[in-house]
Amino acid sequence: MAYDKELAAAIKAASLATRLCRKVQKALLQSDVRSKHGRNKSPVTVADYGSQALVSFVLQQEFPGEFSLVAEEDSNDLRKDGGGEIVERITKLVNESLTSDGSYGVSLSSEDILKAIDCGKSEGGSQGRHWVLDPIDGTKGFVRGDQYAVALALLDRGNVVLGVLACPNLPLTSISFAHPHSPNNEVGCLFFAEVGRGTYMQPLDGSSTVKVQVSAVENPEEASFFESYEAAHSMHDLSSLIAQKLGVKAAPIRMDSQVKYGALSRGDGAIYLRFPRNGYREKIWDHAAGSIVVTEAGGVVTDAAGKQLDFSKGKYLDLDTGIIVSNQKLMPLLFDAVRASLAQKSKPQP
Ligand SMILES: Nc1ncnc2c1ncn2[C@@H]1O[C@H](COP(=O)(O)OS(=O)(=O)O)[C@@H](OP(=O)(O)O)[C@H]1O
Ligand SMILES: [Mg+2]
Ligand SMILES: [Mg+2]
Ligand SMILES: [Mg+2]
């Protein structure tokens, strides 16, 4: 089919990147965590950089000459004084991952690594093809030892046409409230979706593949919902008002990153609510892979005004107030509850 070669390359790149991330998460030292310059001082680790360098390198090998990548990280902080040691660590990690795979027979220099990271500087847009990468989505979760994802998607003329979501800490079986976390649960899932062909899930070793579908729940009382782990990333009070209006009974499932989209695509919960605080602009790499994984599993992803997400405008998503995700049956009810809750919140308090 249309994107078979791209899908195979994306699965390969994301799988290699998760090997690197798992290794780093196991041995995570505080010194591996840096604050990004400027905005919000969000954390970034050797694994974010290593994952981006690996995915960028693999995609360039697979698609020489026709390559555009929009990715979260850049090498600016690494090139500053004192960055040498961390670049060496990243280089070692990337080379170890490439050697363990054996496909490319190369050893990259520190400069090759910095260049590979900076290949992610494309602005995207509505023309041609662009890869979209979040090398670690949910870095805060990663550092905490919780959920995170390597999220890779392909845009073709502004539309997401494939997505791969590798979730190294997500149990292979449902995490819904009926089946709470169990320490014996095997973890590590990879979701992939191609436009018109559905969504599939594999264990990270690729040993089997199952087609997944969003939950068929029609009664909101039986639905459960996901939201950001970090209260700073989404207004939990607004989500709980929406849930209350819908009649949702279960407590929210708070999880980092696009793992929420993956879990929703296989029916672990039926609703994902994301309402960033005023002024936060959503980036395409935080939603591209997750959104196709959900829509190809039969779900719906819109902004709070009911409009489809538009990935064709460059690095940012231009959207109304928030992102809501659910199945087709619940969406009209959810949309009404969102509208009523937003109106209630915007009324001056007596
Ligand atoms: N203020 C604010 N509001 C909304 N979103 C923000 C904000 N700051 C950061 N981010 C982005 O959130 C990404 C993490 O996803 P989640 O919010 O789903 O998970 S979590 O709550 O952080 O655990 C996270 O992705 P990563 O940087 O890749 O981890 C950010 O892109
Ligand atoms: Mg980040
Ligand atoms: Mg992210
Ligand atoms: Mg990230």
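Reader: Does Ser-75 count as buried or exposed?
Author: Ser-75 has 1% relative accessibility, in what is a predicted model: local features need pLDDT of at least 70, side-chain atom pairs 80 or more, while totals for chains, interfaces and linings use all residues. Residues are numbered from 1 along each chain as written, chains are lettered from A and ligands numbered from 1 in written order, and side-chain values use heavy atoms, without hydrogens or water. The cut-offs are under 20% for buried and over 50% for exposed, with partly exposed in between (1.4 Å probe, protein chains only). So Ser-75, at 1%, is buried.

Reader: Which side chain makes a polar contact of 2.6 Å with Ser-75?
Author: Ser-75 sits in the loop between strand S3 and helix H3 (DSSP runs numbered from the N terminus, at least four residues of H or I for helices and at least two of E for strands). The 2.6 Å partner is the side chain of Asp-118.

Reader: At what angle do H2 and H4 pack?
Author: Tyr-49, Gln-52, Ala-53, Ser-56 and Gln-60 of H2 meet Ile-113, Ala-116 and Ile-117 of H4 (contact being heavy atoms within 4.5 Å). The axes, fitted to C-alpha atoms over the stretch in contact, with angles from 0 to 180 degrees between N-to-C directions, lie 8 Å apart. H2 is therefore roughly perpendicular to H4 (the 65 to 115 degree class). The angle is about 80°.

Reader: How many bridges join S7 to S8?
Author: Strand S7, residues 187-194, is mostly covered, with seven of its eight residues buried. On the S6 side, seven bridges join an antiparallel pair (pairing takes at least two DSSP bridges), and Gly-163 partners Ala-193. On the S8 side, also antiparallel, Leu-190 partners Gln-202. S7 and S8 are joined by five bridges.

Reader: Which residue takes a positive phi near 80° in the hairpin of S7 and S8?
Author: Four residues lie between those two strands. The residue with that phi is Gly-196.

Reader: What is the relative accessible area of Thr-321?
Author: Thr-321 isn't a glycine, yet has a positive phi of about 65°. Thr-321 is in the loop between strands S13 and S14. Thr-321 is partly exposed because its relative accessible area is 37%.

Definitions and conventions
Parallel < 35°, antiparallel > 145°, perpendicular 65-115°, else oblique. Polar contact = N/O pair within 3.5 Å; in protein donor to acceptor, adjacent residues only side chain to side chain.
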